[in-house]
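Biologist: I am new to this structure and would like a close look at a single part of it, the contacts between aromatic side chains. Please take me through them carefully, and then go on to the charged side chains.

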Amino acid sequence: MTARVLLCLLAAALCAAASDVTRLAERAKGDTPMASDLRELCDGIGGRATGSEANQKAVEWALKKFRDAGLANAHLEPFTVPALWLADSAEASVVSPTRFPVRVAAAPFTASTKGTLEAPLVDAAEGERADFDKLAGKARGAIVLIHSKEMKTFDDLFAEYMHNPTVLEGAKRAGAAAILLESTRPRGLLYRHPVNMGNAIEPIPGAIVAREHAERLARLAAAGPIRMRLRLANRTGGAYQANNVIAEIPGREKPEEVVLIGAHLDSWDLGTGSEDNGVNAAMVIDLARGFQQLGVRPRRTLRFALFNGEEQGMRGSAGYVAKHRAELGQHAAVVIFDTGSGKVTGFYLNGREELRQPLDQALAALPDAHAGDHQLDALDGTDNFDFVLTGVPNLVANQDPAPYLPDYHAESDVFERSNIAEQKQSEAIAAAVLYGLAESPERVPRQAQNDVEKLIIRTKLDAQMKLFGQWEDWKSGRRGLF
Ligand SMILES: [Zn+2]
């Protein structure tokens, strides 16, 4: 036997002995179609706001990817989105004391202007209640400019969202004709900034205005009267249907029990939604492909879910939870990825400390991954939320926000922003977690309703839910049904 043959035999033996997780991880880190899928989704289909033609194309594209990969039970699941909002066009300019165009992007869930609005511009400072009071009658019929601080962290972004109800309330009370929200990001960057959770369209037109333009408008307004033209044309409407895309690897021993991995397929439309969240949608497709190709079939069913309508208030995952209400007790775990291609440092346990041990056990198969820094916090704002409300054990990947945050919902969220090498590491981690949770003989049980109530209070989710109108949905049983 030559040394060469011996080496080959040794390699074959090692390969056969390698664990399923090692094989899945090695495949994920190798040459896979994940990046080319992402490029097709971002460049070929592009920004895909729910309710748009592009969104429908993305749904068909994803379904075909699952079918081509040979997944079982690849299908669409319809759900209802309560209100349609799509941007058509947005134009703004100053007409006196001088003339210049102003860069704006319509804010989701705000009304269109009635044709072109021409009105004075009034500086409403930060848009606090006292700021509007100070303006007395001057805001009536005017376009109000609301200033912002530059966004540097997730806390800043969160504060930006939390401030919306105050601004809307103040502007409506003052009888303003429209709102211009100063972009929190410099160098002209525009982004979609939803002003509510998508239950309804706000009656007042609103837009983000480029930061440098906002500052010039403010200086001109301080020096004397200033008039603007604003034309915002949005497609708005009532409730409509959209689709989640689902596929499976049936469980080897307990096919009725499910471990689900989800990422949202929809995006906002100014950019092409690579970091939010195409890169993770492409990863979910490639994970499914990996398990199928390698013939890895854990004890429980693996369900791959590309949720839709996430940007409209997590409608797809809410729709999924409502549709699968009878089998939620059979969901051993749900794992969500929604922070682009940032390095996975650990997972949010969403208030369930008992998830830590099985998660660490699953991650032990990849000792070099360094993804063991878990947080007990519960998250509101992505597709895990309705699983929290219904007591299903759920995890959200905790990721380095560096590649994600600056381009969040912005024109600049495009294919080249995503770190493909890092995403391959994330896919290896996701494979280990899925495999571990689906193969383990034990599982973390679903919580009862009163335990969910306690979790919401303990993790302070209630404050956010109240601000965003989700508390009423929960209390009245529109969300979180048992
Ligand atoms: Zn997202």
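Modeller: In this predicted model, tryptophan 85 and tryptophan 268 are both buried. A search of the whole structure finds ten aromatic pairs, and these two tryptophans form one that is edge-to-face, with 6.2 Å from centre to centre and 80 degrees between the planes. The pair links distant parts of the chain, since tryptophan 85 belongs to strand β2 (residues 84–96) while tryptophan 268 lies in the loop between β12 (254–264) and α8 (274–293), 183 residues apart. Ring pairs also bring in Phe109, which is linked with Trp85 and Trp268 into a cluster.

Another aromatic pair is made by tyrosine 404 and tyrosine 408, whose ring centres are 5.8 Å apart and whose planes stand at 55 degrees, so this pair counts as tilted. Tyrosine 404 is buried, with a relative accessible area of 5%, and tyrosine 408 is buried too, with a value of 11%.

Aromatic rings also meet charged side chains here. The charged end of arginine 216 sits over the ring of phenylalanine 100, 3.6 Å from its centre, and lysine 466 lies over the face of tryptophan 471, at 4.8 Å from the ring centre.

Aspartate 462 is buried at a relative accessible area of 15%, whereas lysine 466, at 48%, counts as partly exposed.

Arginine 27 forms a salt bridge with glutamate 427, the closest N and O atoms being 3.6 Å apart. Glutamate 427 lies in helix α12 (residues 420–439) and arginine 27 in helix α2, so the pair ties together parts that are 400 residues apart in sequence. Both glutamate 427 and arginine 27 are buried. Through shared partners, salt bridges join Arg27 and Glu427 with Asp37, Glu40, Lys65, Asp286 and Arg289 into one network.

Technical notes
Residues are numbered from 1 along each chain as its sequence is written. This is a predicted model: local features need pLDDT of at least 70, side-chain atom pairs count only at pLDDT 80 or more; totals for chains, interfaces and linings use all residues. Side-chain values use heavy atoms; hydrogens and water are left out. A salt bridge is a side-chain nitrogen of Lys or Arg within 4 Å of a carboxyl oxygen of Asp or Glu. Helices (H or I, at least four residues) and strands (E, at least two) are DSSP runs, numbered from the N terminus. Buried means under 20% relative accessible area, exposed over 50%, partly exposed in between (1.4 Å probe, protein chains only). Rings of Phe, Tyr and Trp (its six-membered ring) pair if their centres lie within 6.5 Å; planes under 30 degrees apart count as stacked, over 60 as edge-to-face and the rest as tilted. A charge sits over a ring if NZ of Lys or CZ of Arg is within 6 Å of the ring centre and within 35 degrees of the ring normal.
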